[in-house]
Amino acid sequence: MHSTLPPNSTSGFPFRAILGLFKLRIGVVITFTALAGLAVGAGPSLSPLQLLVLTLSVLVSSASAGAFNQYYEHDSDHLMARTSKRPFVTGELRHGPIWLLLIAALMVLSVGAAWIALNAWSALFVFLGAFFYAIVYTVWLKRRTWLNIVFGGLAGSWAVLAGATAADPQLGAVPLALALVLFLWTPPHFWSLAIAFRDDYAAAGVPMLPVVVGEQRAAKTIFFSTLALVAASFIPLAFGLGAIYFVGAASGGFLFIHKAWLLTRDTHRKSAMACFHASLIQLTLVLLAAIVDSQFAS
C-alpha cells in the first residue's frame, strides 16, 4: 500500500491537508443547521450522549461528502485557482482507492451511530445530506446543468431535518420552514461566489449560472432569489417563533438584500464577495435567532 505522503515530504503526518480535504468549515456550518433544527423541533430533550452523537454524525457525514467531492474532482481542480491548492492536486495526499474506503467507512459510521442513538428518520436525513452533496451535486449535476447547486443545496435542508427528528420523528411546521430557508439560501449564496470566480468555472467547464447567462443576469437572479429567501425566512413567525427571531431574520435579510442589490449595480469580484459574506451573516443570524427564540419560548 502506498503512503499518502508524496515522496519528497519531510513534514510528517499532513494534518492540515487532511483537515482541508474534509472541508470542516463547511461541516461546522452544516452541523449548526442541524442543531437549529433540533432546537425548533418537538419532542423531549436529548441526553448529552445523544446530542454528541447528533453533532458528530452530521459533522462526520458532511466531512465524508466533502472529501468525496475532492477525491472525485482531483483531475479538474487544477484548472481553477480556487481549488488548485487542494491536497490531491498538489500531491500532498496521494490519490488512491484507500480514500474511498475511508470515506465510505465514515459515512456508514455516522449514519449507523445516528440510527442506534437517535432513530431511523434522523439517520436517513443524515445520509441524504451527504448523498445530495456527494452524488446528486458532485457526480450527477455539477458539470451538466446550472441547476446543480439548486438541488445540491438540499444538503443543508436535510441537516435541519436530521436535527429536528433527532428527538421526535414527527416533523413540525417550523423545522420544515427552516429547511425551506436553507433550500432557498444556497443558490444566491453560491452564485455570489460563482460570480467572483466566474473565470475559474469557465476554464474548468463547470456550467455555474454566471458562466451560462453572464454576470449581470446572474446578479439579477441572485437579487430576486434573495428576496424569495428573506420572505420565506419570516414563515416561522406564523408557527410560534417570536420577536427575537424576527429581529434576527429582519436584520440578516436586510443586509443580504442590500448587498444583492449592490451586486446588480456592480458585478466585480469585491461586490460579489461582499454579497457572499452577507449571505453567511444572514444565515447565521436566522439560525441563531431561531435557537435563542425557541429556548425562550420553552
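Glu215 is placed in helix α12, which covers residues 215–233. The model described here is predicted. Glu215 is partly exposed, with a relative accessible area of 27%.

**Glu215 and its surroundings**

- Leaving aside residues up to four places away in sequence, Glu215 touches Ile195, Arg198, Pro210 and Thr267.
- Glu215 and Val108 are 107 residues apart along the chain, and 40 Å separates their C-alpha atoms.

**Packing of α6 and α8**

- Two packed helices are described by the angle between their axes and the distance between the axes.
- Helix α6 (residues 120–141) packs with helix α8 (residues 154–164) at an angle of about 170 degrees, and their axes are 8 Å apart.
- Angles over 145 degrees count as roughly antiparallel, and α6 and α8 are therefore roughly antiparallel to each other.
- On the α6 side, the contact is made by Ser122, Phe125, Val126, Leu128, Gly129, Phe132 and Tyr133.
- On the α8 side, Leu154, Ala155, Trp158, Leu161 and Ala162 make the contact.
- By residue class, the contact of α6 with α8 comprises 10 nonpolar residues, two polar and no charged.

- Thr165 lies in the loop between α8 and α9, the latter spanning 173–196.
- Thr165 counts as buried because its relative accessibility is 1%, and the cut-off for buried is under 20%.
- Apart from residues up to four places away in sequence, Thr165 touches Asn119, Trp121, Ser122, Phe125 and Leu171.
- Ser122 and Phe125 also belong to the α6 side of the contact with α8.

**The largest pocket**

- Rolling a probe the size of a water molecule over the atoms shows where empty space is left.
- The largest pocket holds about 1200 Å³ of space.
- Its lining has 50 residues, and those nearest the centre of the pocket are Lys23, Ile26, Tyr133, His189 and Phe190.
- At least two lining residues come from each of α2 (24–40), α3 (48–72), α6, α7 (148–152), α8, α9, α10 (198–204) and α14 (269–297).
- The lining divides into 25 nonpolar, 16 polar and nine charged residues.

- Lys23 is found in the loop between α1 (15–21) and α2.
- With a relative accessible area of 12%, Lys23 is buried.
- The phi angle of Lys23 is near 50 degrees, a positive value in a residue other than glycine.

Note on methods
Residues are numbered from 1 along each chain as its sequence is written. This is a predicted model: local features need pLDDT of at least 70, side-chain atom pairs count only at pLDDT 80 or more; totals for chains, interfaces and linings use all residues. Side-chain values use heavy atoms; hydrogens and water are left out. Axes are lines fitted to C-alpha atoms, for helices over the stretch in contact, and angles run from 0 to 180 degrees between N-to-C directions. Helices (H or I, at least four residues) and strands (E, at least two) are DSSP runs, numbered from the N terminus. Angles under 35 degrees count as roughly parallel, over 145 as roughly antiparallel, 65 to 115 as roughly perpendicular and the rest as oblique. Contact means heavy atoms within 4.5 Å. Ala, Val, Leu, Ile, Met, Phe, Trp, Tyr, Cys and Pro count as nonpolar, Asp, Glu, Lys and Arg as charged, and the others, Gly among them, as polar. Buried means under 20% relative accessible area, exposed over 50%, partly exposed in between (1.4 Å probe, protein chains only). On a 1 Å grid over the protein atoms alone, a cavity is a set of points where a 1.4 Å probe fits but cannot get out, and a pocket is an open set with protein on both sides within 12 Å along at least five of seven lines; lining residues have an atom within 4 Å of a point. Grid points are joined across faces, edges and corners, and a volume is the space filled by probe spheres set on the points.
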